[in-house]
Amino acid sequence: MQTNIHPTYNDINVTCSCGNQFTTRSTANKELTIEVCSACHPFYTGQQKIMDTAGRVEKFKRRYTRKTA
């Protein structure tokens with residue numbers, strides 16, 4: 001493995017729009033502001049809504065199926 005070709009990793013502070021703050025490592029040497037984190041994302045909080053795709057598929061099939069004569 002070659003030496004002195006990899007960037008240095010620094011500890012940076014990350015701030016989410018919900019107010020959550022945490023520390024991570026990055027090659028960027030500045031603080032980071034994000035819009036969504038694991039504390040406010042619907043997938044992680046359990047508030048994710050599951051869409052009914054079966055009804056949409058049936059509606060599509062009814063609309064676009066060809067009728068044989």
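Reader: How many disulfides does a search of the whole structure find?

Author: A disulfide is a covalent bond between the sulfur atoms of two cysteines. In this model, which is a predicted one, a search of the whole structure finds zero disulfides. C16 is in no disulfide, and the nearest cysteine sulfur to it, that of C37, is 3.5 Å away.

Reader: Is C16 buried or exposed, and what of C37, buried or exposed?

Author: The cut-off to keep in mind here is that buried means under 20% relative accessible area. C16 counts as buried because its relative accessibility is 3%, and C37 counts as buried because its value is 7%.

Reader: Turning to the sheet, in what order do the three strands stand?

Author: Strands of a sheet pair through backbone hydrogen bonds, either parallel or antiparallel. Here the three strands form an open sheet in the order β2-β1-β3, and the pairing is mixed. Strands β2 and β3 (32–34) stand at the edges with a single partner strand each, so one side of each is left without a neighbour in the sheet. From one strand to the next, the twist averages 35°.

Reader: How many bridges join strand β1 to β2, and which residue in β2 does V14 stand opposite?

Author: Strand β1 (residues 10–16) and β2 run antiparallel and are joined by six bridges. Across this pair of strands, V14 stands opposite F22 in β2.

Reader: Where is T24 found, and which residues is T24 in contact with, leaving aside its neighbours within four places in sequence?

Author: T24 is found in strand β2, which covers residues 21–26. With those sequence neighbours left aside, T24 is in contact with N10, D11, I12 and V14. Distance along the chain and distance in space are separate things to read: T24 and N13 are 11 residues apart in sequence, while their C-alpha atoms are 6.5 Å apart in space. T24 counts as partly exposed, because its relative accessibility is 30%.

Reader: Which residues does S26 touch, not counting those up to four places away in sequence?

Author: S26, which also has its place in strand β2, touches T8, Y9, N10 and I12 when those neighbours are not counted.

Notes. Residues numbered from 1 in each chain as written. Predicted model: local features only at pLDDT ≥ 70, side-chain atom pairs only at ≥ 80, totals over all residues. Heavy atoms only, no water. Helix = DSSP H or I, 4+ residues; strand = E, 2+ residues; numbered from the N terminus. Buried < 20%, exposed > 50% of the residue type's maximum accessible area, 1.4 Å probe, protein only. Contact = heavy atoms within 4.5 Å. Pairing = 2+ DSSP bridges. Axes fitted to C-alpha atoms, helices over the stretch in contact; angles between N-to-C directions. Disulfide = S-S within 2.5 Å.
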